[in-house]
Amino acid sequence: MRIGLLTYHKSYNCGAVLQTYATCRLLKELGHEVELIDLRQPEPIKLRQLIFIPRFIKFHRFCKKFYPSLTRHYKTVEELRKAKLDYDCLLVGSDQTWNPLISREQCLAYFLDFGEEQVRRVSFASSFGVNMWPESHKELLPAIDKLLHRFSGISVREVTGQNILKQQFSLDSNLVLDPTMLHSSYAEITSSIILNHRIVCYLLNRNDCQLDMARYLSYKMGIPARMIFNGYPLRGFEYCYPPAIKGWIEQIGGAEIVVTDSFHGLVFSLLYHRQFAVIPIANGLSSRLLDLLDLVGLKDHVFTSQEELEKNMEVLQRPIDYERVDRILAIYRKQSIDFLRGPGGQVRKLDKDNRPAKVLKKDTILKVKNGRGLDN
């Protein structure tokens, strides 16, 4: 099958690039032909970011080596809507493709408002990235409701996403893993993972509270802290020029402990069986981290204040039962891949009389929590 994939593929964010790569890798492993639809989110380079040019070059090299072919670059959504596209299926996801605060004026494109009417439309692990639909974008809801009801299959990567779809659009959806979690190894990208005996800090926000908590953890555990996402040195942290994809995976994969507020920072901590601490900020954008931690039964690794960290240091000194985590992820990995492939999968050729369902049948999703199977 020929698939046109729309996602956040052109970015200098490790998570965005890796989820694009992971999605394309999975689709190709399932025997499909994949092309990236080249609609981009504006990401201009500011003067103060010139220090990152070597890193940006590495991103470009990675994409050139590991991405499938791209369409021509569509400068506007209008150009994309006018284009004659030759696909059996249009696929959107993963990442926060359904977060209007990110997609902004391109929002409707990520609900696939382009292409021929009869083309199969599917979402795979799409994320809203927020707890509820933003009030500032409520005027888009009627158009989005109409677009979503054209989809043949809808999957999201968080329970909060399922809730939004149910409450706002009366749609049931499948819960799947982020595509980066559907591959147990990234050896084709990395060198051998070498343990670095460091607290590796991948903090996107780096507010004073987060930095103080990371410094405290370094002091109490007697392990140097290394910041891998900052252009200049910070007091109390080893300086590390922000790595591109390969180095980023190797830093997290080799850490003694990972401190992060990033969804994909958490994902790769789990994939590489690292000890970790999640330090979210109170901005309503942490639901995806909390949902994933709830899924694998590790919400005790969230720390919202230094006082909470001080009281619960034993959590980070207790080995994580990664055999159990891997069993849980294996269940969802199978369900996620089964969503895409036949029989009954969503990414397959349409039958002659197939029509987009108005409401998906709700699958029973096995949710494993605290060692017990629960119907979600």
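Axes here are lines fitted to C-alpha atoms, for helices over the stretch in contact, and angles run from 0 to 180 degrees between N-to-C directions. The model is predicted.

In this model, helix α8 spans residues 245-253 and helix α9 spans residues 263-271. The two helices pack at an angle of about 60°, and their axes lie 9 Å apart. Angles of 65 to 115 degrees count as roughly perpendicular and those under 35 as roughly parallel; α8 and α9 are therefore oblique to each other. Their crossing is right-handed. On the α8 side, the contact involves Trp248, Ile249 and Ile252. These meet His264, Gly265, Phe268 and Ser269 of α9. By class, the residues of this contact comprise four nonpolar and three polar, with no charged residue.

The sheet is open and has six strands. Their order is β2-β1-β3-β4-β5-β6, with parallel pairing. Strands β2 (33-36) and β6 (174-175) form the edges, each pairing on one side only. Within the sheet, β3 (residues 89-92) pairs with β4 (residues 120-126) in the parallel sense over four bridges. Val92 has Ser123 of β4 as its bridge partner.

Helices also pack on the sheet. Helix α6 (residues 159-169) touches β5 (153-156) and β6. The direction of α6 makes about 135° with that of β5. Helix α13 (residues 322-340) packs on the sheet as well, touching β4, β5 and β6. The direction of α13 makes about 165° with that of β4. Edge strand β6 is thus touched by α6 and by α13.

Key
Residues numbered from 1 in each chain as written. Predicted model: local features only at pLDDT ≥ 70, side-chain atom pairs only at ≥ 80, totals over all residues. Heavy atoms only, no water. Parallel < 35°, antiparallel > 145°, perpendicular 65-115°, else oblique. Left-handed = near helix turned anticlockwise from the far one by under 90°. Contact = heavy atoms within 4.5 Å. Nonpolar A, V, L, I, M, F, W, Y, C, P; charged D, E, K, R; others polar. Pairing = 2+ DSSP bridges.
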